[in-house]
Amino acid sequence: MILVNKIAIFLHYYLQLIIRNSNIFVILLIFISLIGKFVLLLLYDIPQPPDARKYINIIEYYKNHTGIETDIELSISFILAAPYMKIQPLILYLFGSKFVTILQIIISSLGIYLLFNISKIITKNTGVACLAAFLFCFNPFITYYSLLFQYETLFIFFLLLSINC
C-alpha cells in the first residue's frame, strides 16, 4: 500500500509539472518525433506500398518519355487515374523523394502541436491535451505514413489545420 501511494504521489507530481509546462512538453514531443522519424528514415528501408510505387512509376515514365513517343497502355492508365493522383507524382518529380519524405516528417511532427491546441480548446483541460499530443506523437501509423509517399500525412495535417483555424 505504501508503494502504491508513493507511485501515485510521483505520478501526480510529474503530471502537474507537465501541465504547468505544457508548451515545453509539446515542443519536446515534436523534437522526439522528428528525431525518431529521421532515425527510422536513415536506418530502415521502408518498402513503399502499391500506390507509392505507382507514383514512382509515373515519375520514371515522365522522366524517360518526352515529346510524342508514349506507351499507349501506360499512358491510358495515367489518364484514367483520378486527377488527385497526379499531384503527388508532380511534387515528387519536382522536388525529389528525399525532400518530400523530409517535408512529410516535418508536417507530421507539426501535427502534434495542432492536435494539442485543438484538444485544449475542446476539452479546456491541458492534461487531456498533453495526453492527446503524447498519443499522437507515438502513434505507429502516423510515423509509418510519414515515411511513405502517401496523401495521408498531408491530409491529416490539413485536416488538423482546418479544425484549428
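**Close-up views of a predicted all-helix model**

Buried residues, meaning those under 20% relative accessible area (1.4 Å probe, protein chains only), make up 32% of the 165 residues in the protein chain. The model is predicted, so that local features need pLDDT of at least 70 and side-chain atom pairs count only at pLDDT 80 or more, whereas totals for chains, interfaces and linings use all residues. Residues are numbered from 1 along each chain as its sequence is written, and side-chain values use heavy atoms, with hydrogens and water left out.

**Figure 1. Helices of the protein chain.** The protein chain holds nine helices and zero strands. Helices (H or I, at least four residues) and strands (E, at least two) are DSSP runs, numbered from the N terminus. Read from the N terminus on, the order of elements is α-α-α-α-α-α-α-α-α.

Figure 2. The volume of the largest pocket is about 210 Å³. On a 1 Å grid over the protein atoms alone, a pocket is an open set of points with protein on both sides within 12 Å along at least five of seven lines, while a cavity is a set of points where a 1.4 Å probe fits but cannot get out; lining residues have an atom within 4 Å of a point. Grid points are joined across faces, edges and corners, and a volume is the space filled by probe spheres set on the points. The lining of the largest pocket consists of Leu41, Tyr44, Asp45, Ile46, Pro47, Gln48, Ser97, Lys98, Thr101, Leu147 and Phe149. Helix α6 (residues 97-123) gives the most to this lining, with three residues. By class, six residues of the pocket lining are nonpolar, three are polar and two are charged. In this classification, Ala, Val, Leu, Ile, Met, Phe, Trp, Tyr, Cys and Pro count as nonpolar, Asp, Glu, Lys and Arg as charged, and the others, Gly among them, as polar.

**Figure 3. The cavity lined by residues of α6, α8 and α9.** A search of the whole structure finds one cavity of 30 Å³ or more. The largest cavity has a volume of about 70 Å³, and its lining comprises Ile107, Ser108, Gly111, Phe136, Ile142, Tyr145, Glu152, Thr153, Ile156, Phe157 and Leu160. Two or more lining residues come from each of α6, α8 (140-146) and α9 (152-164). The largest share, five residues, is that of α9. Seven nonpolar, three polar and one charged residues form the cavity lining.

**Figure 4. A nonpolar surface patch with residues from α2 and α7.** Leu28, Phe31, Ile32, Ile35, Val39, Leu42, Leu43, Tyr44, Leu131, Phe134, Leu135 and Phe138 make a nonpolar surface patch of about 1,200 Å². The elements that give two or more residues to the nonpolar patch are α2 (22-43) and α7 (126-137); α2 gives the most, with seven residues. Patches are made of residues with over 30% relative accessible area and no salt bridge, and nonpolar side chains (Val, Leu, Ile, Met, Phe, Trp, Tyr) are joined within 5 Å, like charges within 9 Å. A salt bridge is a side-chain nitrogen of Lys or Arg within 4 Å of a carboxyl oxygen of Asp or Glu. Accessible areas come from the Shrake-Rupley method with a 1.4 Å probe; for residues, only the protein chains shown count as cover. Ile35, a patch residue, lies in helix α2 and counts as partly exposed because its relative accessibility is 43%, the class between buried and exposed (over 50%).

**Figure 5. Buried residues Phe25 and Ala129.** Phe25 belongs to helix α2 and is buried because its relative accessible area is 15%. The C-alpha atoms of Phe25 and Phe134 are separated by 9.0 Å, although the two residues are 109 residues apart along the chain. Ala129 sits in helix α7 and is buried, with a relative accessible area of 0%. Between Ala129 and Val26, 103 residues apart in sequence, the C-alpha to C-alpha distance is 9.6 Å.

**Figure 6. Lys124 and Asn125 in the loop between α6 and α7.** Most residues other than glycine have a negative phi. Lys124 has a positive phi of about 55 degrees although it is not a glycine. Lys124 is exposed, at 72% relative accessibility, whereas Asn125 is partly exposed, at 35%. Asn125 and Ile19 are 106 residues apart in sequence and 9.1 Å apart in space, C-alpha to C-alpha.
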